[in-house]
Amino acid sequence: SPPQGYYTRRGGIGESGDFITSPEISQVFGELIGIWYVSEWIAMGKPKAFQLVELGPGRGTLTDDILRVFKQLSSLLSKCDVSIHLVEVSPKLSEIQAQMLTGGKVESNPENKSAYMKGISKTGIPIFWYRDIQDVPPGYSFYLAHEFFDALPIHKFQRTERGWREVLVDIDPEVPDQLRFVLSPSGTPATENLIQPEETRDHVEVCPEAGVIIQRLACRIEKDGGAALVADYGHDGTKTDTFRGFRNHKLHDVLKAPGAADLTADVDFSYLRKMTQGRTATLGPIKQREFLKNMGIDLRLQVLLQNSRDAATQEQLLHSYDMLMNPKEMGERFNFFALLPHHRLEDPEKKHKPESKSPVAPVAGFGELLLK
């Protein structure tokens with residue numbers, strides 16, 4: 001909702017907001033993701049240019065950490081034309097991003113209808129802002145969706161003796177100004193079109209918008225090359241009722257004070273995989289702690305601890321590491337999932353020896369995971 005929507009009015013990320021994200025906890029998180037993109041760029045033969053496209057970039061912290069990695073590896077990337085493309089609908093958040101990434105040195109972009117704002121990062125890389133993924137120009141691109149899909153709207157369904165019924169929101173006749181959940185009296189267009197025939201669960205959440213966006217990413221990667229990395233709360237088609245709200249870092253009734261709390265639902269990665277329709281290979285989902293461990297977080301922590309002089313900084317580093325890695329915190333709740341072109345995972349040896357069973361070229365962070 002443009003006037004009353006949570007992200008257009010508040011967008012409460014950070015200590016003073018309603019929830020906190022991994023990049024806000026530790027710079028290491030974004031650094032390792034930056035390294036993932038560079039390693040994929042190398043694995044794909046160092047193309048002469050790439051776009052880094054982030055969907056829903058929050059306060060811009062993650063992009064800022066990635067840009068720092070690109071700067072540190074500038075000798076490696078010197079012959080590559082890098083640009084940043086942010087897909088952001090919230091005017092408030094795009095202002096915060098512009099401040100963080102460019103120091104506020106941005107201009108609105110009326111002559112180019114697709115990007116509504118542009119600027120140059122503090123490290124000298126051009127940045128563009130868009131309202132829709134379709135406005136981002138085509139080209140070799142790396143996509144990033146961190147805590148993006150969980151914020152998209154879902155349909156909820158309940159299996160009943162009379163078949164599938166949609167869970168709808170209604171006004172409670174008993175209590176004025178109070179909302180309640182009700183089941184649709186009969187099937188709805190959504191029950192007809194969104195539930196997979198092989199579904200075994202009794203309660204299902206489906207996010208059609210996530211399906212549309214993942215299809216767009218898969219089509220772009222198939223056509224122009226690149227890769228997509230998705231990091232989010234989620235499951236592989238096993239969970240049922242995950243819709244919840246957060247306000248001031250506490251769980252909040254989703255039906256109370258609409259627009260004042262962050263609403264979220266776990267991402268169904270099995271649905272995302274299905275929606276790629278085989279256009280790309282997919283890897284994961286893999287738990288955040290496994291991904292970060294595979295990316296070398298332990299080594300990076302040791303370096304930072306050795307370089308920090310005071311006990312308070314070291315304590316903060318260890319606390320941040322625990323938040324990211326502890327299974328009870330974010331370590332098991334968050335998952336990483338990747339889309340890659342099929343040829344990226346083909347073994348070059350197989351062309352000459354069809355019978356050879358050697359593993360595919362490893363993808364950083366995903367270890368020995370086999371593609372699905």
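Where is the place of Lys-46?

Tutor: Lys-46 sits in the loop between α3 (27-43) and β1 (49-55). Keep in mind that this is a predicted model. The backbone of Lys-46 deserves a look: its phi is near 50 degrees, which is a positive value in a residue other than glycine.

Positive phi values come up again in two hairpin turns. Take the hairpin formed by β4 and β5, which has five residues between its strands. Gly-124 lies in that turn, with a positive phi of about 90 degrees. Strand β4 covers residues 115-120 and runs antiparallel to β5, with five bridges joining them. One reference point in this pairing is Ala-115, whose bridge partner in β5 is Tyr-130. Strand β5 (residues 126-130) also pairs with strand β2 (residues 81-87), here in the parallel sense and over four bridges. There, Ile-127 in β5 stands opposite Ile-84.

The other hairpin is made by β12 and β13, with two residues between the strands. Its turn holds Asn-248, with a positive phi of about 50 degrees. Three bridges join β12 to strand β13 (residues 250-252), and the two run antiparallel. Strand β12 also pairs with strand β14 (residues 262-264), again in the antiparallel sense and over three bridges. Follow Gly-245 through both pairings. Gly-245 stands opposite His-252 in β13. Gly-245 also stands opposite Leu-263 in β14.

One more backbone point concerns a peptide bond. Gly-284 and Pro-285 are joined by a cis peptide bond, with omega at about 10 degrees. Pro-285 is part of strand β16 (residues 281-287).

Now widen the view to the domains. The chain divides into domain 1 (6-152 + 207-344) and domain 2 (155-206). The C-alpha centres of domain 1 and domain 2 are 31 Å apart. Domain 1 brings 19 residues to the contact, and domain 2 brings 14 residues. Between them, the two domains bury about 1300 Å². Carbon and sulfur atoms account for 57% of that area. On the domain 1 side, Pro-208, Thr-240 and Leu-255 supply 41% of the area buried against domain 2, more than any other three residues.

The polar side of the interface comes next. Six residue pairs are in polar contact between domain 1 and domain 2, both residues at pLDDT 80 or more. Helix α9 (residues 269-275) gives the most to the side of domain 1 that touches domain 2, with three residues. That side of domain 1 divides into nine nonpolar, five polar and five charged residues.

Three of them are counted between domain 1 and domain 2. Look at Asp-241 and Lys-156, which form a salt bridge with their closest N and O atoms 2.7 Å apart. The structure as a whole holds 18 salt bridges. The pair of Asp-241 and Lys-156 links distant parts of the chain, 85 residues apart. Asp-241 is in the loop between β11 (226-235) and β12 (244-247), while Lys-156 is in strand β7 (residues 155-160). That loop leads back to β12, a strand of the hairpin with Asn-248 in the turn.

Definitions and conventions: Residues numbered from 1 in each chain as written. Predicted model: local features only at pLDDT ≥ 70, side-chain atom pairs only at ≥ 80, totals over all residues. Heavy atoms only, no water. Pairing = 2+ DSSP bridges. Domains from an automatic or database assignment. Contact = heavy atoms within 4.5 Å. Buried area = accessible area lost by both parts, 1.4 Å probe. Salt bridge = Lys/Arg side-chain N within 4 Å of Asp/Glu carboxyl O. Polar contact = N/O pair within 3.5 Å; in protein donor to acceptor, adjacent residues only side chain to side chain. Nonpolar A, V, L, I, M, F, W, Y, C, P; charged D, E, K, R; others polar.
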